Amino acid sequence: MFFESVAYAMGGAPGGAEQGNPIMSMLPLILMFVIFYFLLIRPQQKKAKEHKQTLSSLKKGDFIIVSGIYGRIMEVSDEVLSVDVGNGNLINVNRNFVSGLAEKPSMPKEQRGKKSKAKAVEAPAEPAKESADKAAEDDAS
């Protein structure tokens, strides 16, 4: 007896009462999609369109960034760019791998293209020779 009254209370009114407007139940889902569209999807599409336009307008002499490498375009063909990365080193790069345009380098013209004058420090050979002599003496005794 007691359990029947609980079951009727949880099941709702007999005869199936109305559930409400189905559009109102879908409203939170629709609202979330609209927010995602304006905050994520639309700006990403705009950025991709600008990047595509930048890639199509590349020309000789532009400074670009390719996978973290800064360089200057020396030759342009349909899909391949010849890029000077410094010291007269040219690399061929596919146009699609260009990250974007870079600003002109701020180094003075005299320093561009010069190699670093840092000298390599060589380890002295004497300590290695002395340790080898000591090891030979220890083996002999």
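The model is predicted. The chain holds three helices and five strands, and their order along the sequence is α-α-β-β-β-β-β-α. Of its 141 residues, 12% are buried.

**Overall figures**

- The accessible surface of the chain amounts to about 12600 Å², and carbon and sulfur atoms account for 59% of that surface.
- Taking contacts between residues at least 6 apart in sequence, 36% link residues at least 24 apart.

**Strands E1, E2 and E3**

- Strand E1 covers residues 63-66, strand E2 covers residues 69-76, and strand E3 covers residues 80-84.
- E1 and E2 run antiparallel and are joined by four bridges.
- These two strands form a hairpin with two residues between them, and in this hairpin Ser67 has a positive phi near 50°.
- E2 also pairs with E3, again in the antiparallel sense and over four bridges.
- The hairpin of E2 and E3 has three residues between the strands.
- Arg72 of E2 is a point of reference for both pairings: Arg72 is the bridge partner of Phe63, and Arg72 stands opposite Asp84 in E3.

**Nonpolar core**

- The largest nonpolar core is made of nine residues: Leu55, Leu58, Ile64, Val66, Ile73, Leu81, Val83, Val93 and Val98.
- E1 and E3 each contribute at least two residues to this core.
- One of the core residues, Val98, touches Leu55, Leu58, Ile64, Val66 and Leu81, and also His51 and Ile65. This list leaves out residues up to four places away from Val98 in sequence.

**Charged side chains**

- A search of the whole structure gives one salt bridge.
- The salt bridge is formed by the side chains of Lys59 and Asp62, with an N to O distance of 3.3 Å.
- The pair counts as a salt bridge because 3.3 Å is within the 4 Å cut-off between nitrogen and carboxyl oxygen.
- In general, side chains of opposite charge can pair when their charged atoms come close.
- Asp62 has a relative accessible area of 14%; the limit for a buried residue is under 20%, so Asp62 is classed as buried.

Key
Residues numbered from 1 in each chain as written. Predicted model: local features only at pLDDT ≥ 70, side-chain atom pairs only at ≥ 80, totals over all residues. Heavy atoms only, no water. Core = buried A, V, L, I, M, F, W, Y, C linked by side-chain atoms within 4.5 Å. Buried < 20%, exposed > 50% of the residue type's maximum accessible area, 1.4 Å probe, protein only. Contact = heavy atoms within 4.5 Å. Pairing = 2+ DSSP bridges. Areas by Shrake-Rupley, 256 points an atom, 1.4 Å probe, with all protein chains shown as cover.
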